[in-house]
Structure formats: structure tokens, C-alpha cells
Amino acid sequence: MLSSTFVQTKLHAPPLRSGILQRSKLLFRLDEGLSPGVRIILVSAPAGFGKSTLLSAWAAHINLPLAWLSLDAEDNDVSRFLTYLIGALQSLRADIGQDALGLLKGGPGIPPAAVVASLVNDLSVLQGQHILVLDDFQVITSTAVAQALAYWLEHLPESIRLVIASRADPVLPLPRLRAGGQMVELRADDLRFSLDETADFLGRFMQVNLPQSDVAVLAARTEGWAAGLQMAALSLRGRQDGSEFIRAFSGNNRFILDYLTEEVFNRSSEQTRAFLLVTAITDRFCPALCEALLADEIKPLTAQAMLTELEQANLFLIPLDENGLWYRYHHLMLDLLRMRLKQNEPARLAELHRRAAGWFADQLAEKWDSLLAAEALRHALAGGDLTLAERLMEKSWDGWAYAGEINTALRWLKAMPEEQRNHNPYLSGLLAWSYYLSGFSSEAYAPLDQAERAMQLRLEKGLFTPDSVEHRNILSLILALRALLARLSGDVSTSLTLAQQAVNITPPENLFMLSIAYTSWGNALRESGDYRAALPVYEKSIEMLLRVRNMLALGSMALYYLRMLAAQGQLRPALESGKSLLVRVEAAGLSQSPGLSYIMAGVGELYYETGQLTEAENYARRGIHLARRGGILDAIKQNSILLARVLLVRDEKTQALEVLTAVDQEIIAAGGTLTRVDIRAWLARINLALGRLTPVADWSSAASLWKNNPPSGDAFSQLEINLEVRRCLAIGKKADALRLLDPLPELYTHLGRRAWEVEVLFLRALASLNPAAARADLQRALHIAAEIGLNRSLLDEGRPMFDLLSGAMPSLDETARIYAQTIMALMPLQPVNAAPVGMVEALSERELEVLRLMAAGLTNQQIAGQLVVATGTVKTHTANIYRKLESANRTQAVTRARELGLLSS
């Protein structure tokens with residue numbers, strides 16, 4: 001998972017030195033953290049109190065499986081934090097977190113809670129107790145990281161104990177954990193050395209023999225502070241005036257440590273002092289890095305020999321791996337060495353930072369790594385090597401974006417001097433992209449404008465030529481983002497133009513930007529209604545997104561691609577394409593990515609349209625499960641609509657309504673901008689099937705797309721128009737239905753929407769008052785449906801479709817007649833005159849029409865107007881309805897009809 005040796009150093013507990021002081025009382029306190037019900041062990045104390053050493057000793061004491069993660073400032077990026085958390089946990093079992101890593105690799109947009117939930121599921125199968133230690137947690141300031149950890153802690157299985165070592169209390173629900181007996185905590189007062197421990201530590205482990213009175217004074221001066229005692233012991237070695245030395249210092253910890261560090265530092269050899277100062281420039285170091293920092297300044301000892309000598313001398317050098325390759329200084333020692341270097345040799349600082357930056361940059365040339373890139377950038381900026389910093393940032397941004405660490409990229413871009421960014425069009429453009437991908441699109445405009453100005457200035461100065469690779473890379477970066485921003489603001493036309501320009505200008509080797517450009521172009525074409533042009537663009541976009549492994553974008557693009565193919569009448573090719581894409585995604589090792597849930601919805605919809613309901617339901621349920629793991633509410637919605645359609649066909653109308661109502665409420669609760677147009681339309685469609693015309697009328701009053709816009713190729717508008725037509729038919733307003741339908745067949749023929757054309761032709765035939773026109777529409781629709789394999793949408797119309805096909809059968813040609821017979825055979829309908837269970841006599845078709853209009857709240861006079869009959873005729877039908885339903889009035893009749901299911905279709 002994490003191959004770099006540099007990264008692996010974060011996953012090792014500090015090795016225990018031989019003969020370490022055994023603090024049995026503290027080990028016993030830590031053992032209490034293994035008791036049932038405890039979730040977290042917190043060791044919180046200032047620097048130098050031996051937190052890490054104590055936990056290393058406890059790890060050896062308990063002999064349980066233990067994972068260790070040493071944190072640093074770079075881990076404030078939540079994706080990075082979770083990646084290393086998984087890396088640490090994989091030391092417990094190698095297969096832990098594989099799915100969670102797949103989520104993280106799915107591109108931006110995956111909620112951290114989804115990754116944590118997947119990780120919790122993996123950990124829940126562990127048998128016995130396991131420990132996870134998060135060391136140096138005080139460096140974590142990110143709210144997102146704290147929230148992810150709090151969520152993880154809330155759902156932590158009994159098999160895991162979380163141990164946090166920190167200089168400050170973490171932002172976690174500590175009061176609740178404490179009150180519930182779910183936390184064991186050790187603080188500075190617990191960690192202080194007692195008088196006996198001080199004497200034991202000085203005598204046995206530091207080889208400093210002092211009278212008991214001096215030990216007592218030293219313990220009092222240092223207040224049992226481990227770092228102070230260690231520094232004092234180092235200063236006392238070889239002194240003849242130990243008692244005087246002990247009484248010579250006083251004050252707080254910082255004063256004591258300053259004093260003692262000065263003593264230790266001054267008593268070291270000149271060569272050791274030089275080595276300490278030079279290597280303190282970086283947080284972690286290995287012999288090769290030390291050699292690069294030292295150049296030819298220290299001879300004849302090698303860096304490895306010097307590190308071995310320092311470790312043996314116990315000079316606050318901490319090994320970071322079992323091979324003795326990587327080291328760091330104790331944080332207090334590091335702070336003081338850096339302070340001394342800054343005060344005494346400020347001229348060397350920049351040069352040392354430049355040497356470190358060069359060394360890290362050389363490692364990046366072999367293989368890019370997030371942590372190495374951050375170290376290289378930090379040193380380049382600190383050393384004033386802005387040219388190297390620019391090169392590193394340009395090289396590393398894609399890597400951070402691929403890894404989902406866009407906040408890390410944003411932080412380093414903001415850390416660069418503003419003047420430098422403003423003069424570099426690429427850096428300004430990357431800053432704009434970082435804002436956009438981090439969810440701050442409004443912040444992207446200013447740096448994007450600056451990128452354009454800087455690019456133009458470079459062109460004018462001849463720093464690069466028009467159409468050069470450098471110019472095209474910068475221009476594509478600008479155009480692709482402008483296209484996305486235009487689409488975000490609703491300007492589809494501008495988005496389309498800019499995205500197409502971005503595609504044309506982007507160098508083919510810039511696959512990341514090219515995939516974004518093609519995605520933006522395809523979406524703009526689809527939203528403009530030009531499916532024919534959009535389809536090949538989507539195909540290229542999907543190929544590129546698969547290569548860069550951006551599963552969230554890939555899944556969304558695939559769903560709309562399959563829907564466009566289906567709308568164009570290519571149902572069978574679409575189904576084969578969707579199934580093939582699923583196979584390719586699985587072969588790429590991405591089968592657990594939540595982005596795949598979009599493809600599940602697309603393939604499931606195609607199974608539905610071709611009449612394969614079992615497969616459609618299976619894909620819908622799998623899609624919902626996968627989308628919930630990833631917290632992708634839009635994909636949950638898409639799959640839930642499909643599931644509700646299947647339930648509706650199976651006459652499980654109430655269950656279908658419950659599925660969509662729950663998702664609708666979830667969308668409302670989540671806030672945000674996720675559209676509810678489709679889900680509200682399908683809720684109304686189910687209510688219509690249930691005979692509940694009032695909520696359908698409410699939907700019709702609120703719906704706007706079909707009222708406020710001319711007929712178009714927009715899928716949402718098509719969904720609303722077809723539903724409004726069905727509402728009009730249900731209440732007998734055929735003329736209104738025809739006004740909506742009349743322009744659509746010609747429009748859909750022009751746009752190539754063959755599947756949509758079939759549906760509106762059938763609806764127009766149902767609404768038609770002209771039998772010859774109805775037969776013509778019906779025959780045309782049957783020909784197209786037979787050719788493309790569409791049958792589910794026809795079956796969904798139920799009894800009205802059956803009667804229409806039955807009545808038109810003698811006048812249909814052979815092709816239409818054969819397909820009509822196929823459709824009718826698939827309709828499991830009762831004879832029209834069969835009475836439902838509980839009724840003595842069935843209602844006639846005309847009586848059912850009157851009943852539906854009554855349920856809609858129309859008066860007798862309004863019903864007569866709708867049906868073009870006399871009011872007296874309506875009264876006769878009403879009396880028959882009351883008799884057959886054994887009702888005394890309208891309210892009782894409608895209630896009884898709903899109980900019998902007469903208003904459900």
C-alpha cells in the first residue's frame with residue numbers, strides 16, 4: 001500500500017532502548033484501557049513527559065497486535081490522514097481497508113464518513129483485542145480529520161482500542177466518553193517521575209550517582225519532568241561539582257531545558273555540534289540525506305557512524321524504523337537546535353534548506369510521493385529557491401489531485417509568495433482549480449483571471465510561443481475550468497463553447513486535463529439536447545476517466561451515456577455497453593468504488609426497459625448498497641427511483657411510495673443543491689397509480705418545467721410532460737393532454753429520441769379523439785418499439801393500453817399486430833367487467849371515469865363538461881356508483897373505491 005521507506009517510518013513505534021525504566025503503576029493504568037466498554041486511551045501532557053516511550057513500553061508489556069501512526073502537519077488533509085490510518089491498520093491484517101482505499105482512489109467527492117464506515121466493517125471481523133496508537137496528535141488542526149475520527153470512534157468495534165498521545169486534548173467528545181466510562185486518561189501529573197523513579201533513572205539508566213539530597217533537589221527542580229531529568233543527567237556526566245550544578249538552575253521547564261541544552265550542547269565535540277545543527281533543518285533524516293546536508297563539512301566520520309554515536313550517547317535521537325535507516329530528534333531538542341541555528345548562523349539556513357530541497361526533489365524524480373513532495377516544497381520555499389518550488393508544485397499538483405489530497409495542494413499553493421503565483425499562469429490556474437475542487441468555486445474566479453493575465457504577459461514577452469505545449473497546457477487549464485464555472489452558473493451555451501476549445505487545445509499527453517475537458521464538453525452537449533454529438537464525446541471521456549481511475553466522474557458519465565443511448569432507441573447496444581464497462585472496471589480493481597453505483601443504475605434501467613425486472617431489481621439494490629457505502633446521495637436517488645419503478649410494476653405501490661418518500665426526505669435533510677425534480681415526478685406518478693389525485697394535482701401546480709419552457713430534449717421536462725399528460729387522462733381532460741403531446745413526436749424524431757417518441761405516440765393515441773389518428777400513432781409506435789426492443793414502458797400503461805391495442809388489432813399491419821399481441825400477452829389483467837373482491841357488480845368503463853373525476857373533486861357539472869355529456873347522465877352514473885359501492889355519498893364512494901383498489905391505475 002505504502003511503498004516508500006520515508007512513509008513507512010510513520011508506521012513504526014519508537015524502538016525501546018535496553019534497560020528502560022519500568023513504570024509499573026502507569027502500565028497498570030494503561031491496562032485498564034483494555035476493560036470492556038472502554039473506547040479510547042488518552043495520554044495528554046506537554047512535550048518531554050515520555051508519552052511515546054511509555055506507550056512503546058506498554059506495547060511490549062501487553063503483547064497484543066498493535067498498529068502505530070506518527071502524525072505530522074501534512075496529515076491535516078483528511079484523505080491523507082485516512083490513507084495512513086489504513087496503512088497503519090494493515091499491520092494488523094493485510095486485507096483491512098482494501099475497500100476503503102478503493103473509495104479514496106475514487107476521486108474527489110467521497111465523504112470521509114463513507115471511508116470510515118467501510119473501515120469499521122473490516123475491523124468488526126477481528127477476533128481478540130487490537131491496539132491503534134496515534135502519536136503526536138497535537139499537530140492535527142483539521143476539523144474534517146477530527147470529525148472523521150469522532151465518527152470512527154463512535155462506531156469502533158470492541159476489538160479495537162484507540163490510543164492517542166498528544167500535547168493537547170484532541171477535539172473529540174471527551175466529556176461524554178469520560179462520563180460514560182469509555183475513556184482512560186493519563187496526564188502530566190501521572191507521568192511525572194516520583195522521587196524513587198528519579199533516583200532509579202539517574203543511577204541505573206543514566207549512570208549518574210548523586211546523594212539522595214541532590215536527587216531530591218533535582219526532582220523538585222524538574223518537577224519529575226522526564227526531558228529535564230534526561231538533560232540534567234547528560235550535563236552531570238563527568239562533573240565534579242554536581243551539587244553546585246543542580247542548585248544553579250531554577251525556574252519553569254522552558255528555562256531549565258534551555259539551560260540544560262546549552263550545557264549538553266557546549267560539552268559535545270565540535271563535530272557533534274555541527275552535525276546536530278545541520279541535521280536539525282529537516283524533520284526526519286537518513287544517512288543519505290545527512291550526507292547531502294553536510295556536504296564535505298564533517299570528516300572523517302560518515303553520517304551513519306555519527307548517527308550511531310549519537311544514539312549510543314542518548315542525545316535525544318529517535319529511530320523511526322527497525323533497520324536504523326530513518327531518525328528524528330526529540331521535538332524539544334529539535335526546537336532548541338533550530339533556535340540556536342537561527343540565532344547563531346542565520347546565513348546557513350537558506351543554503352541548508354536548499355540542500356534538503358534538492359535531495360528530496362531527487363527522490364521525487366524516481367517516484368512521486370505526497371510526503372516527499374511536501375518536504376521538498378517546504379525546504380525550497382524556506383531556502384528561497386522559488387524556481388525549484390514552482391517546478392515541484394507544477395509536478396505535484398496532479399499527484400495530490402489523483403490522491404484526493406486537494407486540500408494539501410491548496411495549502412502549499414497558498415503558502416507560496418503571492419507575487420510568485422501572480423507571475424506564473426500555471427500556479428494561478430492551479431490555485432483556481434484547487435478552490436473549485438475543494439468546493440469553493442466562488443474563490444476560483446480571481447486566480448483564474450490572474451492566470452489569464454500572466455499567460456498573456458508571457459506571450460507578449462516571448463517567454464513561450466503561441467501553440468507551444470506549455471502555452472496549450474495553461475490555456476486548456478483555464479478553458480476547462482471556465483467551462484465548468486459557466487455550466488455551474490447555468491450558461492450551457494458558453495460552457496459548450498469553452499469545453500470544446502479546451503478539448504481542441506489540450507496536448508494529448510495531458511490526460512488528466514483532457515479527461516476533464518472531454519467530460520465538461522460531453523455534459524454541455526447533453527444539456528444542450530444534442531445527444532448525437534454528445535455520445536462519441538462521452539465515449540472518449542469514459543475511456544480517459546477509466547485510465548486516470550476517477551470513478552466518481554466515470555460512474556456519472558456512464559449513467560448519462562447509457563440513458564442517451566436508450567433514449568436514441570439503442571437499448572440492446574446500451575445494455576451490452578454497460579455490462580462490458582462493469583467487467584472492465586472490475587478488471588481494473590475498482591469494483592468496490594461507490595462511483596460504480598451510477599453504472600448499476602444505468603444497467604438496471606436498461607434491464608427494466610427490456611422487461612427483465614428481476615435483473616433490474618438486483619442492480620438497483622446493489623447500487624443503493626454501494627452508493628450508501630460512499631455516501632453518494634445522488635446515486636442513492638437514481639437507484640431508488642429504479643427500485644420504486646420495479647415495485648410499482650409488481651403492484652407493490654405502497655412500498656414504492658415509501659422508498660421514494662424516504663429518499664426525498666433524505667435529500668431535503670441534506671440541504672445542498674441536489675435536484676428533486678425527478679423524484680417528485682415519480683412520487684406523483686406512484687400517487688396517480690394509487691388513485692390519489694390530490695397530491696398529483698399539487699405536483700402539477702408546483703411543477704414548472706413543462707409550463708415555463710417550450711418542448712425540448714431535456715429529460716426532466718420530458719418526465720414532467722408525460723406525467724402531466726397521464727394526470728389529464730386520469731381526470732378526462734383529453735384535449736389538454738393532446739395540446740401537450742402534439743408537438744413532441746416531430747421534435748423527438750428530429751432529435752433522434754426514438755424511445756421517447758414511442759412513449760408520446762402511445763400517450764397521444766390514448767388521448768386522441770380521432771380513431772384514425774390514434775391508429776396511425778399506435779402503428780408507428782409499435783414499429784419503433786419492435787425494432788428497438790422496448791416493451792416495459794408499454795406494459796406500464798396497463799388496462800388503457802390493453803384496450804387500445806385490442807381495439808386497433810384488425811387495422812394494424814403484420815409487424816405492428818405481432819408486437820401488439822406480444823405486449824398484450826405480457827399484461828396480467830383481469831377482464832374489464834370483472835368485479836374486485838368485495839363487489840357484487842363491476843363498474844363500467846364510463847362509471848370508472850366518473851369515479852376518478854369525483855375523486856379529483858370535480859362537481860357533477862364539471863364532470864359533464866369533461867365527458868361532454870348532460871348533467872343528468874352524470875347523475876345516473878353517480879347513482880350506479882353509489883349502489884355498486886354500497887355508499888351513501890361521494891366521500892364514502894371514493895373511500896370504498898380506494899379500499900378496493902379501483903383508483904390504483
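1. Let me begin with a convention: helices (H or I, at least four residues) and strands (E, at least two) are DSSP runs, numbered from the N terminus. Just after helix 47, Gly 857 takes a positive phi of about 95 degrees.

2. A word on the source. This is a predicted model, where local features need pLDDT of at least 70 and side-chain atom pairs count only at pLDDT 80 or more, while totals for chains, interfaces and linings use all residues. Residues are numbered from 1 along each chain as its sequence is written, and side-chain values use heavy atoms, with hydrogens and water left out.

3. Back to helix 47, which spans residues 845–855. Eight of its 11 residues are buried, so the helix is largely enclosed by the rest of the structure. Here buried means under 20% relative accessible area, with exposed over 50% and partly exposed in between (1.4 Å probe, protein chains only). The buried set consists of Glu 847, Leu 848, Val 850, Leu 851, Arg 852, Leu 853, Met 854 and Ala 855.

4. Five parallel strands make an open sheet, and their order is 2-3-4-1-5. Two strands pair if DSSP finds at least two bridges between them. Strand 2 (66–70) and strand 5 (183–187) are the edges, each pairing on one side only. From one strand to the next, the twist averages 15 degrees.

5. Strand 1 deserves a look of its own. Five of its five residues are buried, so strand 1 is largely enclosed by the rest of the structure. Ile 40, Leu 42 and Ser 44 are buried on one side, and Ile 41 and Val 43 are buried on the other, so to speak covering both faces. Five bridges tie strand 1 to strand 4 in parallel, and strand 1 also pairs with strand 5 in the parallel sense over five bridges. Ile 40 has a bridge partner in each neighbour: Leu 162 in strand 4 and Met 183 in strand 5.

6. Strand 3 (residues 130–135) and strand 4 (residues 160–166) run parallel and are joined by five bridges. Val 133 has Val 163 as its bridge partner in strand 4. Helix 7 (residues 143–154) packs on the sheet, touching strand 1, strand 3 and strand 4, with its direction at about 145 degrees to that of strand 4. Contact means heavy atoms within 4.5 Å. Helix 3 (residues 51–62) lies across strands 1, 2, 3, 4 and 5, running at about 155 degrees to strand 4. For these angles, axes are lines fitted to C-alpha atoms, for helices over the stretch in contact, and the values run from 0 to 180 degrees between N-to-C directions.

7. How do helix 25 (residues 445–460) and helix 26 (residues 469–488) cross, and at what angle? Their axes come within 11 Å and cross at roughly 155 degrees. The two helices are therefore roughly antiparallel to each other; angles over 145 degrees count as roughly antiparallel, under 35 as roughly parallel, 65 to 115 as roughly perpendicular and the rest as oblique. Residues of helix 25 in the contact include Leu 448, Met 455 and Leu 459, and those of helix 26 include Ile 474, Ile 478 and Leu 485.

8. Lastly, Asn 523 lies in helix 28 (residues 511–528). Is this residue buried or exposed? At 9% relative accessibility, Asn 523 counts as buried. Leaving out residues up to four places away in sequence, Asn 523 touches Arg 487, Tyr 538 and Met 557.
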